[in-house]
Amino acid sequence: LVILIAMAGGLKQTELVTFNVGGKIYQVLREPTLSLHPNSLLTQMAEDQKDDKPIFVEGDQDLFKYVIDYHRDRKVILPITVSTDAVMRELKRFGLEAAENQIVQDGVPFPSLMRRVAKWQEANVSRKRKATLDFIGSLIAEVASEKMGQAKGKAFSIRRNDLPCNEKEFDRLFGRVSASQVQESEALKDFERSFGYVFASFGTGSTASWMSTEFRPV
């Protein structure tokens, strides 16, 4: 993949400098792009070059384009998906000290957006927790529906090995929730309303510690 940062018809080979950044090729002009920053590591590497072969550069091949942007414009405009701090670190790697107002996000009200993202993420965590609890409750209720007929109106227990999941799956699903949280799942509430059995546990810790569980007639 060749990325031409600057090209013009009739350029001599020596007027272009080619950088190989981890296999990704960038070509830039000596004048004026590199010459604007005489103390830049890239400028010094270009001055030391004895032939027209690509100069190998150890750096982030995706962030390197912003290093070239700064050489050319003394300013970098970033999409929201690119970290400002990461670009600042990359500039310093090549001997460039950019002020904060020279690295800007592209037309995005960034603080406002980040607040909306944080609010959405918080809500999404709650959605994921509820979905996990509902899924666990459904697993337990399904097994309970099979055992209920044998119990003949009496209390019955569900143990860890009654559930349709292996030990690894059990720990992944059950290891981060408590008995009281699972008790609030819609599946277990519906089971109680439908069949008159209330879900109870023998402990108060995480689900992994309180299995087995018991269903008691109301």
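Modeller: Let me begin with Thr 43, bearing in mind that the model is a predicted one: at 5% relative accessibility, Thr 43 counts as buried.

Colleague: Why does Thr 43 count as buried?

Modeller: Thr 43 is part of helix α2, which spans residues 41-48. A residue is called buried when its relative accessible area is under 20%, and Thr 43 therefore qualifies, because its relative accessibility is 5%.

Colleague: From which residue does a backbone oxygen lie 2.8 Å from a polar atom of the Thr 43 side chain?

Modeller: If neighbours within four places in sequence are set aside, Thr 43 is in contact with Leu 34, His 37, Pro 38 and His 71. The backbone oxygen that lies 2.8 Å from a polar atom of the Thr 43 side chain belongs to one of these, His 37.

Colleague: Within what arc do the buried residues of α2 fall, seen down the helix axis?

Modeller: The buried residues of α2 are Leu 42, Thr 43 and Ala 46. They line one face of the helix, because seen down its axis they fall within an arc of 100°.

Colleague: What do the buried residues of α2 pack against, and which residues are exposed on the other side?

Modeller: The buried residues of α2 pack against β2 (16-21), α1 (30-34), β4 (55-57) and α3. On the other side of the helix, the exposed residues are Glu 47 and Asp 48.

Colleague: Which residue caps the N-terminal end of α2?

Modeller: At that end, a side-chain oxygen lies 3.1 Å from the backbone nitrogen of Leu 42.

Colleague: Turning to α4, what phi does Gly 95 take just after the helix?

Modeller: Helix α4 covers residues 84-93, with Ala 86, Val 87, Met 88, Glu 90 and Leu 91 buried, and their cover includes α3 (64-73), β5 (76-78) and β6 (103-105). At the start of α4, a side-chain oxygen of Ser 83 reaches to within 3.3 Å of the backbone nitrogen of Asp 85. Just after the helix, Gly 95 takes a positive phi of about 75°.

Colleague: For the protein chain as a whole, what percentage of the residues is buried?

Modeller: The secondary structure of the chain comes to nine helices and nine strands. Among contacts between residues at least 6 apart in sequence, 59% join residues at least 24 apart. Of the 218 residues in the chain, the buried ones make up 37%.

Note on methods. Residues are numbered from 1 along each chain as its sequence is written. This is a predicted model: local features need pLDDT of at least 70, side-chain atom pairs count only at pLDDT 80 or more; totals for chains, interfaces and linings use all residues. Side-chain values use heavy atoms; hydrogens and water are left out. Buried means under 20% relative accessible area, exposed over 50%, partly exposed in between (1.4 Å probe, protein chains only). Helices (H or I, at least four residues) and strands (E, at least two) are DSSP runs, numbered from the N terminus. Contact means heavy atoms within 4.5 Å. A polar contact is a pair of N or O atoms within 3.5 Å; within protein, one must be able to donate a hydrogen and the other to accept it, and residues adjacent in sequence count only if both atoms are side-chain atoms. The arc is that of the directions from the helix axis to the C-beta atoms.
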